[in-house]
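The following exercises are to be worked through with the structure at hand. Each task is followed by a solution in steps.

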Amino acid sequence: MVKQQFLQTGRLMRLILRRDRLRLPIWLIGFLFVTIGTAALFKGLYASHEERQQMATTFDNPAVTALIGPGYGLDHYTEGAMMAHQMLAMTLLIIAVMSVLLVVRHTRSEEEEGRVELIRALPSGRLSNLTSTLLVMALTYLVLALTTGIGLYSLGIESMDLNGSMLYGAALGVTGILFAATTALFAQLAQTSKGAVGLSFLLVGLGYLIRAIGDVSNETISWFSPFGWVLGSEVYVNDYWWPIGMTLIVSLIVAAVALYLNSIRDLDAGFLPTRGGRRHATAWSRSHLGLTLRLQKTSIISWAVVIFIFGAALF
């Protein structure tokens, strides 16, 4: 009986990979290009220990800590410590956004467009669609973790050893898996794709804000944020693997809850009430531009926030 719930999961995974045959490689190549390119750039920009220590002094202030996270190893600011300090938190934020958009695309949006109903009309399991989405995301982040770790190690930078490089890649991977799981959960709670995206981005924003407050005022507060868990691995400095394992365990628990809710939820229904909209559309919403902006409002705002934070971190 349980096996029937997951019938045709493998075939649906292949369907998702086919539909995202361009989207997923672009995401992965983009992350690899930025991560490995930045690491190589650090090696050329700060060649001496004195230059790196001067940069560490510049970044050792509360505003920067709130923005990009705590600086581990500032007293011995190697290229590895610099990479983890200046890039990891920002990359984790973008990874979270990627998870939200991709999971909602293949879960709640599929229900709204009627594709899940068509799939269930065929001999497929009730949980196969959500399971296939989570497995594809896990596979994607496994590839990202391995390629990032190997790519960073291949640069041959002394402070970026194999253990630290693989930990850096694992930090990216488990963050993606965690937010894929939480988005899958919100896709069961919300009745619309817009609601699922909104709740997911709310979690991302609150997580980053709590991490920022904790890193500046009280380190204990940071452990209430998933971003704080991963940054607590102190990549290229102390290389703690246990926060990665803890994040992965939490991800599995959240994914299990999402699958359970999906098994008891009616198609197109949600567990949270939905606020009614306007009875009549405004003149602006009836125009092509107004309708487009309204439909993409959540994505535009979320990307604007991410780009603003990323730009602020660079300058």
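Predicted model: local features only at pLDDT ≥ 70, side-chain atom pairs only at ≥ 80, totals over all residues.

**Exercise 1.** Determine which residues Leu12 is in contact with, leaving aside its neighbours within four places in sequence.

*Solution.* Step 1. Contact means heavy atoms within 4.5 Å.

Step 1. Residues are numbered from 1 along each chain as its sequence is written, and side-chain values use heavy atoms, with hydrogens and water left out.

Step 2. Leu12 belongs to helix 2 (residues 9-19); helices (H or I, at least four residues) and strands (E, at least two) are DSSP runs, numbered from the N terminus. Its relative accessible area is 9%, so Leu12 is buried; buried means under 20% relative accessible area, exposed over 50%, and partly exposed in between (1.4 Å probe, protein chains only).

Step 3. Ser132 lies in helix 9 and, at 0% relative accessibility, is buried. Leaving aside its neighbours within four places in sequence, Ser132 has contacts with Thr9, Leu12, Met13 and Ile16.

**Exercise 2.** Describe how helix 6 and helix 9 cross, and state which residues meet.

*Solution.* Step 1. Two packed helices are described by the angle between their axes and the distance between the axes. Axes are lines fitted to C-alpha atoms, for helices over the stretch in contact, and angles run from 0 to 180 degrees between N-to-C directions.

Step 1. Helix 6 (residues 79-106) and helix 9 (residues 128-154) have axes that come within 11 Å and cross at roughly 155 degrees. Helix 6 is therefore roughly antiparallel to helix 9; angles under 35 degrees count as roughly parallel, over 145 as roughly antiparallel, 65 to 115 as roughly perpendicular and the rest as oblique.

Step 2. A crossing is left-handed if the near helix is turned anticlockwise from the far one by less than a right angle, and right-handed if clockwise.

Step 3. From helix 6, Met83, Ile95, Met98, Ser99, Leu102, Val103 and His106 meet Asn129, Thr133, Met137, Thr140, Tyr141, Leu144 and Leu152 of helix 9. By class, this contact of helix 6 with helix 9 has 9 nonpolar, 5 polar and no charged residues. Ala, Val, Leu, Ile, Met, Phe, Trp, Tyr, Cys and Pro count as nonpolar, Asp, Glu, Lys and Arg as charged, and the others, Gly among them, as polar.

**Exercise 3.** Carry out the analysis for helix 10 and helix 11.

*Solution.* Step 1. The axes of helix 10 (residues 162-189) and helix 11 (residues 193-216) are 8 Å apart, and the helices pack at an angle of about 140 degrees. Helix 10 is therefore oblique to helix 11.

Step 1. The crossing of helix 10 and helix 11 is right-handed.

Step 2. Phe179, Thr182, Thr183, Phe186 and Ala187 of helix 10 meet Ala196, Leu199, Ser200, Leu203 and Val204 of helix 11. The contact of helix 10 with helix 11 comprises, by class, 7 nonpolar, 3 polar and no charged residues.

Step 3. Arg211, which is also found in helix 11, has a relative accessible area of 0% and is buried. Beyond its neighbours within four places in sequence, the contacts of Arg211 include Thr65, Gly69, Ser222 and Leu231.

**Exercise 4.** Is Ser159 buried or exposed, and which residues does Ser159 touch?

*Solution.* Step 1. Ser159 is located in the loop between helix 9 and helix 10. With a relative accessible area of 18%, Ser159 is buried.

Step 1. Not counting residues up to four places away in sequence, Ser159 touches Thr78, Glu79, Gly80 and Tyr236. Ser159 and Gly80 are 79 residues apart along the chain, while their C-alpha atoms are separated by 5.2 Å.

**Exercise 5.** Examine the phi values of Glu234 and Asp239.

*Solution.* Step 1. Most residues other than glycine have a negative phi.

Step 1. Glu234, a residue other than glycine, has a positive phi near 50 degrees. Asp239 is not a glycine either, and its phi is positive at about 55 degrees.

Step 2. Glu234 is placed in the loop between helix 13 (226-231) and helix 14 (242-264), and Asp239 is in the loop between helix 13 and helix 14. Glu234 is buried at 12% relative accessibility, and Asp239 is buried at 15%.
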